Amino acid sequence: MCGIVGVVGSKNATDILMQGLEKLEYRGYDSAGIFVNGQKTAAKLVKSVGRIADLRAKLGIDVSGTSGIGHTRWATHGKPTEDNAHPHTSSSGRFVLVHNGVIENFVELKNEFLMNDSFKGQTDTEIAVHLIAKFAEEENLTTLEAFKKALKLIQGSYAFALMDREDADLIYVAKNKSPLLIGLGDGYNMVCSDAMAMIRETSEFMEIHDKELVVLTKDKVEVMDYEGQIISRDSYTAELDLSDIGKGTYPFYMLKEIDEQPAVMRKLIATYTNEDGTMKVDQDIIKGIQEADRIYIIAAGTSYHAGFGAKMMLEALTDTPVELGLASEWGYDMPLLSKKPFFIFLSQSGETADSRQVLVKVNELGLPSLTVTNVPGSTLSREATYTMLIGAGPEIAVASTKAYTGQIATLAFLAKAVGEAEGQAKAKDFDLVKELSLVAQSIESTLSEKDEIAAIVSELLPTTRSAFYIGRKQDYYVAMEASLKLKEISYIQCEGFAAGELKHGTISLIEKGTPVLALISNNEEVAAHTRGNVMETVARGASAITIVEEGVAREDDTIVINQVHPYLSAISMVIPTQLIAYYASMQRGLDVDKPRNLAKAVTVE
Ligand code: M6R
């Protein structure tokens with residue numbers, strides 16, 4: 001949440017900041033701003049409410065220089081106004097700060113140190129920059145000393161980039177819990193919330209760890225702790241491809257990412273299988289799970305639903321019970337654990353603060369953990385014992401699609417590898433390469449029906465305000481994900497419900513025309529019951545849409561999809577629901593990729 005970018009030593013500071021902010025916009029998009037400075041140019045601060053395009057429209061040619069910092073905001077403290085937009089300045093205007101995170105003790109800091117200051121907005125960040133200024137200006141400290149002193153007092157999560165108007169050649173950076181990365185260039189250096197936003201400029205990066213401070217000049221990067229002790233840190237080259245982050249001829253990233261899913265499935269086959277068809281999964285991870293008496297999957301949002309989608313398969317193939325935990329709950333309410341737990345963190349971004357707080361506790365308990373993520377080098381990946389990468393390529397649309405299907409498929413390789421190591425007949429008999437190839441084909445077949453799905457949406461969900469997805473077993477889990485996707489981007493109030501549970505209360509919400517979307521995969525007993533539940537809603541006026549797997553399909557079903565192995569049906573059944581959400585949003589004229597109030601990487605708790 002919130003994106004930060006900074007550069008020092010480049011003639012094109014404004015251009016680099018604006019390009020970076022455009023790439024970071026998925027992290028928050030309610031307001032934005034840049035501060036640009038240079039030895040030969042006057043310092044300029046420009047802020048705007050709205051998107052990066054609105055900020056760009058406000059830039060004059062005089063906004064140029066060799067260094068600067070920029071920010072795109074997802075509001076936490078204070079409304080999205082220009083005064084609350086970053087960068088924030090001290091009273092004299094000398095110090096300029098951008099921040100991602102939440103300062104938990106900002107009220108206490110204000111009361112203790114800044115009672116006589118007046119503030120332009122309501123943000124916690126403004127307190128931080130006033131505090132730094134106070135220490136520098138009243139106690140005659142250098143900027144570095146003042147920053148260090150403030151950092152020792154500030155509690156909470158932060159990625160900070162600070163500039164002193166009197167020294168255009170320096171950027172001061174610090175982080176705790178929020179993501180931040182250094183980019184190394186030839187004659188310039190950068191700082192940014194993620195690597196993708198810097199890859200036009202560099203592929204050489206350096207990590208910053210929590211509670212570290214970095215001083216950046218055009219040709220030097222100095223990492224230190226808050227006492228000023230220098231820390232040596234190697235850089236690394238990231239294999240990122242700039243072409244991955246374009247949307248080509250697609251109107252929205254989400255549609256591109258939906259379309260990429262067959263390729264993601266095939267890439268995963270190549271990544272996690274040896275030439276002889278055996279599984280290519282780290283033996284230590286397999287051993288870790290073999291030794292466990294329970295697998296705990298911790299995640300949020302769509303990743304949480306992916307965990308459910310993989311639960312049945314993991315339990316069947318590893319013969320180990322699987323328990324799911326909502327990251328935001330488990331951070332403060334962890335249940336009694338089994339004797340030998342193994343934790344799996346599912347996270348597209350690898351940066352979700354809710355998940356990370358659980359991982360911190362898991363690490364304190366000395367328990368083994370695996371992060372399944374799409375972002376190599378992300379915080380959850382670095383801090384867990386093991387990592388398995390989804391390799392789905394950058395997911396830019398806020399609504400997660402290919403990461404969900406990629407997570408379930410990645411867990412399938414893990415489940416089979418563990419099952420085979422255990423000598424489980426079920427695991428040996430499960431031909432994952434063949435079955436996942438069939439899933440890829442099923443996805444392709446559904447994707448070829450886009451026009452029909454778009455037509456169904458315009459006919460059945462044109463102005464609807466509320467809807468239900470229902471299903472049983474695996475289909476119930478898909479219903480949860482399908483309803484999140486519809487809510488998230490079309491703003492239709494939608495609930496994912498266990499089909500049999502509706503009649504225990506919620507059926508009273510069904511009115512004439514309420515859309516009920518039923519997911520029915522190929523399990524005859526369950527299919528018959530779900531159909532019965534659909535009829536109960538139709539009898540009360542609902543408009544039913546059935547999404548059914550071949551094998552249990554009937555002529556009057558709305559969407560029929562290719563049948564796949566039951567372990568993998570949560571992948572293929574979700575595809576029509578992704579398209580339904582996409583078209584519902586698009587047909588309402590909404591910004592599909594950037595739904596209101598949201599951000600892609602949720603880096604606050
Ligand atoms: O990056 P993560 O997978 O950890 O993110 C978790 C959720 O914030 C995320 O899945 C969210 O629910 C999606 N935007 C939904 O489409």
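This is a predicted model: local features need pLDDT of at least 70, side-chain atom pairs count only at pLDDT 80 or more; totals for chains, interfaces and linings use all residues.
Q: OK, so what span should helix α1 have, and how far apart are its end C-alpha atoms?
A: Helix α1 runs over residues 13-24, and its 12 residues at 1.5 Å each should span 16 Å, which agrees with the 16 Å that separates its end C-alpha atoms.

Q: Which residues of α1 are buried?
A: The buried residues of α1 are A13, T14, I16, L17, M18, G20, L21 and L24.

Q: And what do those buried residues pack against?
A: They pack against the strands β1 (3-8), β2 (31-37), β4 (67-73) and β10 (189-192), and also against the helix α2 (52-58).

Q: Switching to α3, which residues are buried there?
A: In helix α3, which covers residues 106-113, the buried residues include F106, L109 and F113. Seen down the axis of α3, its buried residues fall within an arc of 60°, so they line one face of the helix.

Q: Why would residues three or four places apart point the same way?
A: An α-helix has 3.6 residues a turn, so residues with that spacing point the same way.

Q: What covers the buried residues of α3?
A: The cover includes β6 (95-103), together with α4 (124-138) and α5 (143-153).

Q: Now the ligand: how many residues surround it, and which are the closest?
A: The ligand is surrounded by 15 residues, of which the closest are S303, S347, S349, T352 and E488.

Q: Which polar pairs should I look at around it?
A: Among them is a pair between a polar side-chain atom of S303 and an oxygen atom of the ligand, at 2.6 Å.

Q: How much of the ligand's accessible area does the protein cover?
A: On its own the ligand has 420 Å² of accessible area, and the protein covers 91% of that.

Q: What does S178 touch, not counting residues up to four places away in sequence?
A: S178 touches N100, G101, S157, Y158, A159 and T603. For Y158 there is also a polar contact, in which the backbone nitrogen of Y158 lies 3.5 Å from a polar atom of the S178 side chain.

Q: And S508, buried or exposed?
A: S508 is exposed, with a relative accessible area of 61%, and it belongs to the loop between β22 (493-498) and β23 (515-520). Its side chain reaches the backbone oxygen of G505 at 3.1 Å.

Q: Last one, T217: where is it, and how far is it from V7?
A: T217 is in strand β12, residues 212-217, and although T217 and V7 are 210 residues apart in sequence, their C-alpha atoms are 8.9 Å apart in space. At 22% relative accessibility T217 counts as partly exposed, and, leaving out residues up to four places away in sequence, T217 touches V8, D169, L170 and N189.

Methods:
Residues are numbered from 1 along each chain as its sequence is written. Side-chain values use heavy atoms; hydrogens and water are left out. Helices (H or I, at least four residues) and strands (E, at least two) are DSSP runs, numbered from the N terminus. The expected span of a helix is 1.5 Å times one less than its number of residues. Buried means under 20% relative accessible area, exposed over 50%, partly exposed in between (1.4 Å probe, protein chains only). Contact means heavy atoms within 4.5 Å. A residue is near a molecule or strand if one of its heavy atoms lies within 4 Å of it. A polar contact is a pair of N or O atoms within 3.5 Å; within protein, one must be able to donate a hydrogen and the other to accept it, and residues adjacent in sequence count only if both atoms are side-chain atoms. Accessible areas come from the Shrake-Rupley method with a 1.4 Å probe; for residues, only the protein chains shown count as cover. The arc is that of the directions from the helix axis to the C-beta atoms.
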